[in-house]
Amino acid sequence: MNGKHIVAIGVACIDEYYTAEAWIPEGEKCNVEWKENRVGGMIPNAACVFAGMGEKTYLVTALNSGSISQIIKKDLERWQLDLSYVIKDDSLADPKCMIISTPKERSIFVVNMDHIQYKVNSQLHELLLEAKCVYTSVMEFHRLERWEKLAEELAETGVPLVIDAETSTFDSWDDKTFSYAKLIFFNEEGWKKFRCERSDSEAMEMLFQGHTEAVVITLGSEGCYCRTRDKEVRLPGNRVQVLDTTGAGDTFNCSFTECWLSGKSLEYSAEYANAAGAYAVTAFGARAGIVSEKVIKQYMEAFRRQRSK
């Protein structure tokens, strides 16, 4: 493995949590109850999980100089993230994400930050090409100046590009970023969008024609499906009391990535990540899954006993 650090690329935000009795038709009005605010963001959450595993982790993002951004920076530093490459841009809106939960489902509204761009100077370029891995999404990777050339360089130097492919993070299945990614994570809806009109096997084969070594599809309470060119693993979900699913996917992805990069088998990586994701939903907040390897291994053993009954 090339480097000793991880680079995560993605927008940080404030997650505002609300609850409502039920979802309403468009055009109507209802009362919501504020629960709390927490610092979040899909990629920053993942970066905090990596840092919680003991990885030296840099976050590449952009913030304005307002009070909300200062709260975000202070919180991210508390999780031991290196913010040396955070870009200051006072033209940006305050980054927010509104999470509204009803007894039936959870809906998320994200303030659009599409115009953010990251200039890749020599220092950032060197940081990326010396990384243990670059963890991001298609949308976030496209914010990098000359992103396609950079993807080629990462592939040439052996730095794994790890992509989290939720539905909102890519426009089309034929985006070239997928062909450069060594490890790709989809949730169910993300996989349906990527697969499009093709069969599962056709979509998988297309990915393995590029640099991709493993594809992982998380299935919520139903577990996960993991595939390499010559092997597949399907694991059921672990039975736990669910409190909050926010960030569970990030915890799963980072846990799998950490195992995969350290040379663990597909089976072990999937089982460890499955246990970490299950642990994450038993507590409130996007970073509830940041615990020691010892704790996750204890959960793995407990889930093994549970499945054997």
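**Figure 1. Helices α1 and α9 sit oblique to each other in this predicted model.** The axes of α1 (residues 42-52) and α9 (residues 248-261) cross at roughly 45° and come within 9 Å. An angle under 35 degrees would count as roughly parallel and one of 65 to 115 as roughly perpendicular, so this pair is oblique. The crossing of α1 past α9 is right-handed. On the α1 side, look for Met 42, Asn 45, Ala 46, Val 49 and Phe 50; their partners in α9 are Asp 250, Thr 251, Cys 254, Thr 257 and Glu 258. Sorted by class, the residues of this contact are 5 nonpolar, 3 polar and 2 charged.

**Figure 2. Helices α3 and α5 form another oblique pair.** Here α3 (residues 122-129) packs against α5 (residues 147-157) at an angle of about 40°, and their axes are 10 Å apart. From α3 come His 125, Leu 128 and Leu 129, which meet Leu 150, Glu 153, Leu 154 and Thr 157 of α5. The contact is made up of 4 nonpolar, 2 polar and 1 charged residues.

**Figure 3. A close-up of the largest nonpolar core, which has 44 residues.** In soluble globular proteins, nonpolar side chains tend to be buried together. Which members of this core touch the most other members? They are Ile 9, Val 134, Phe 141, Leu 144, Phe 178, Phe 186 and Trp 191. Setting aside residues up to four places away in sequence, Trp 191 touches Phe 186, Asp 200, Ala 203, Met 204, Leu 207, Val 215 and Ile 217. Another core, of 38 residues, lies apart from this one, and its members include Ala 46, Ala 47, Cys 48 and Val 49.

**Figure 4. Thr 169, a loop residue between β10 and α6.** The loop runs between β10 (161-165) and α6 (177-180). Is Thr 169 buried or exposed? With a relative accessible area of 4%, Thr 169 is buried. Not counting residues up to four places away in sequence, Thr 169 touches Met 42, Ser 137, Val 138, Met 139 and Asp 164.

**Figure 5. Val 110, an exposed residue in strand β8.** Strand β8 covers residues 106-110. Val 110 has a relative accessibility of 60% and so counts as exposed. Leaving aside neighbours within four places in sequence, Val 110 is in contact with Lys 96 and Cys 97. Ser 168 is 58 residues from Val 110 in sequence, with 10.0 Å between their C-alpha atoms.

Key:
Residues numbered from 1 in each chain as written. Predicted model: local features only at pLDDT ≥ 70, side-chain atom pairs only at ≥ 80, totals over all residues. Heavy atoms only, no water. Axes fitted to C-alpha atoms, helices over the stretch in contact; angles between N-to-C directions. Helix = DSSP H or I, 4+ residues; strand = E, 2+ residues; numbered from the N terminus. Parallel < 35°, antiparallel > 145°, perpendicular 65-115°, else oblique. Left-handed = near helix turned anticlockwise from the far one by under 90°. Contact = heavy atoms within 4.5 Å. Nonpolar A, V, L, I, M, F, W, Y, C, P; charged D, E, K, R; others polar. Core = buried A, V, L, I, M, F, W, Y, C linked by side-chain atoms within 4.5 Å. Buried < 20%, exposed > 50% of the residue type's maximum accessible area, 1.4 Å probe, protein only.
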